[in-house]
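Hi there,

Here is the structure I promised to pass on. Have a look at it first, and my notes follow below.

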Amino acid sequence: MDFATFLIQLLNSVQYGLVLFMLAAGLTLIFGIMGVVNLAHGSFYMLGAYLAYALTGYFGSLAWAIAVGAVLAMVFGLALEWLLFRHFHCRDHLDQVLLTFGLIYIFEDLRSILWGDAVHGVAIPEPLAASIPLTDILSYPLYRLFICGICLALALGLYLLIAKTRLGMKIRAGASNPDMAQALGVNTRLIHSIVFALGVTLAMVAGMAMAPVSSVYPGMGSSVLIMCFVVVVIGGIGSVRGAFISALLVGLVDTFGKVLLPQIAGMLVYMLMAAVLLYKPEGLFKQ
Amino acid sequence: MSTRRIVLSRSAAIVGAAATGWLLPATAGAQSAKLRVGLMLPYTGTYAQLGVAVENGVRMAIDQQGGKLGGREIEWFKVDDESEPSKAVENASKLVQRDKVQVLIGTVHSGVQMGIQKVARETGVLSLIPNAGAHAATRALCAPNVFRTSFTNAQITLALGPAMVARGHKKAVWITWKYAAGEEAFEGFKQSYPAAGGSIIKELGLPFPNVEFQALLTEIAALQPDAVACFFAGGGAAKFIRDYAAAGLKDKIALYGSGFLTEGVLDAAGPAADGIITTMHYSDSLDTPRNKQFRMEYAKAFRSQPDVYAMQGYDTGLLLVHGANAVQGDMEAKPALYRALESAVIDSPRGRWTMSRAHNPVQDIYLRRVENMENKVIGVAAKAQADSGAGCRMG
């Protein structure tokens, strides 16, 4: 593998890892702060992609679709938390698993009713449709850099929100000791709503951003969900920083595994997970 | 007194027997009842549209013959197999044991087909395969009562190798999902491409149904082959086509594939699919009177355009009509029925085809190029292509 190829594969790893992070961050936040195991998280990714498809058709522009879609995702997340999840955050994990597993089927059926079972495509916006040539044979698609940009911006925003703001302080307090936080006047109900909506929005925006390069198809949420859980387990449950590092790690292992060891590429990520758990049973960054 | 009682009871027995049909000639009894046909197809999930297309095709072929099989009315039994292999044996058994179907038509998914194959071999029910391309059904696990009207996965790619070399592409990378259908498609390509003078410089694969192709596309760009050959289908196929173009490979390295790459995904793939060349036993654009007539009648009956799956369902119907007519609706006359099915020449929208010894179509494979979101036929890649039928021992 020459240097240019290596560089592009590195970019591929980072891009894949960043999208995984968007999903894993929401998953780990919702678990870490509300204590809810959310198996339907992959469905939010799928719904985001279909929403991008529908809104791009309506507005004729992906940028508008993502902007409006993000607002709709926020509203959807708040509504879902208010209607369902708030009644489950103190229940047994088995109840939560059953609830969210049921939601997967409901969202799949909704998708089938609204958009059918065919595969749909979303066009890459014109200025981003090009590739950047790196050597005379190798180039990198501009749109994938755009995805990296969106993910990095959101990751930075998330970091600033949690580490630097008053709301972030309350979120951290609610995570480490919810009873004490409530006694000191933190509205944990509200915090839960916000965190849940944030997680849903991150997943749906990831789906929207990926729609043009991944196509939009039934069951697209399920394969990505498994990778998310792997990322969360490696990173340490509840840790956003851990999710970031481990998402990039999983991206690297998966990408270079596919190229260098194609025979066992499917197993490599799980071997990484097993190795990490042997060394650190609670993940790399257990809080 | 006693004799009168005997006469009475005997006549009662005769009347009773007559009422239940015991004393009628066996064939007359069989023919007065309806012929029981089972459809085991996916009606929900990813393959739902394929299941509906197959059923439409079957019904259309039979309706064109007056809606009867060998002069008998039909009673239909339907089961949604959900493309779920773990329920396959149970679903097929339900149709055969409970509903007592005499013909079992199914299915799309190869894994489910293996369940049907097990039931077909155990019960001897006539089993017609309208899509699934799994090799075993007409190779090691072939059976006298199992007939396929579609293709085997290798049959399609056997025609791909020579076509690529003939177009001057002698150095190729093969890429597919690492699962049964992908491996079987590769078997055909691995056999035909080097035999025609080409060399496979690398074999790339990823787990099914993983669709993150970017790393592999970078690898292809670095390897610089003359062409890429692949097997993908459905949602993953559309994504592969789009990613291939987005990675800047579309105009530099020719893309070939088993025809499923471009079936039903051209709208989703858009202009990225232009110029892709595939081999397949059918094309919507096949310019024959038979195909045009089929397409017109299908569109009229179902208000939608037929695809390869509808065509295969239609051929399944044609084959069944042919067999039932040959035995005048007596589906229990098995040796005669199987002889008729084995010797059938089906005048299909895809062109005439016959049954191989292992009960798989011997058919022309077409070379097709995507132009303006349509698979245009640009030639015949292989005349009367047969599957090897390796390991098949009937009996």
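What percentage of the 395 residues of chain B count as buried? The figure is 55%. Please keep in mind that this is a predicted model, and that the values here are computed from it.

First, chain B as a whole. Its secondary structure consists of 14 helices and 14 strands. Along the principal axes, the C-alpha atoms of chain B occupy a box of roughly 105 × 40 × 35 Å. If you take the contacts in chain B between residues at least 6 apart in sequence, 67% of them link residues at least 24 apart.

You will find B:G379 in strand β14 of chain B, which covers residues 374-385. Is B:G379 buried, partly exposed or exposed? It counts as partly exposed because its relative accessibility is 25%, and that class lies between the cut-offs of 20% and 50%. Leaving aside residues up to four places away in sequence, B:G379 is in contact with B:Y366 and B:L367. As for B:L318, it sits 61 residues from B:G379 along the chain, with 26 Å between their C-alpha atoms.

Enjoy exploring it, and do write back with your thoughts.

Best wishes

Definitions and conventions
Residues are numbered from 1 along each chain as its sequence is written. Chains are lettered from A and ligands numbered from 1 in the order in which they are written. This is a predicted model: local features need pLDDT of at least 70, side-chain atom pairs count only at pLDDT 80 or more; totals for chains, interfaces and linings use all residues. Side-chain values use heavy atoms; hydrogens and water are left out. Helices (H or I, at least four residues) and strands (E, at least two) are DSSP runs, numbered from the N terminus. Buried means under 20% relative accessible area, exposed over 50%, partly exposed in between (1.4 Å probe, protein chains only). Contact means heavy atoms within 4.5 Å.
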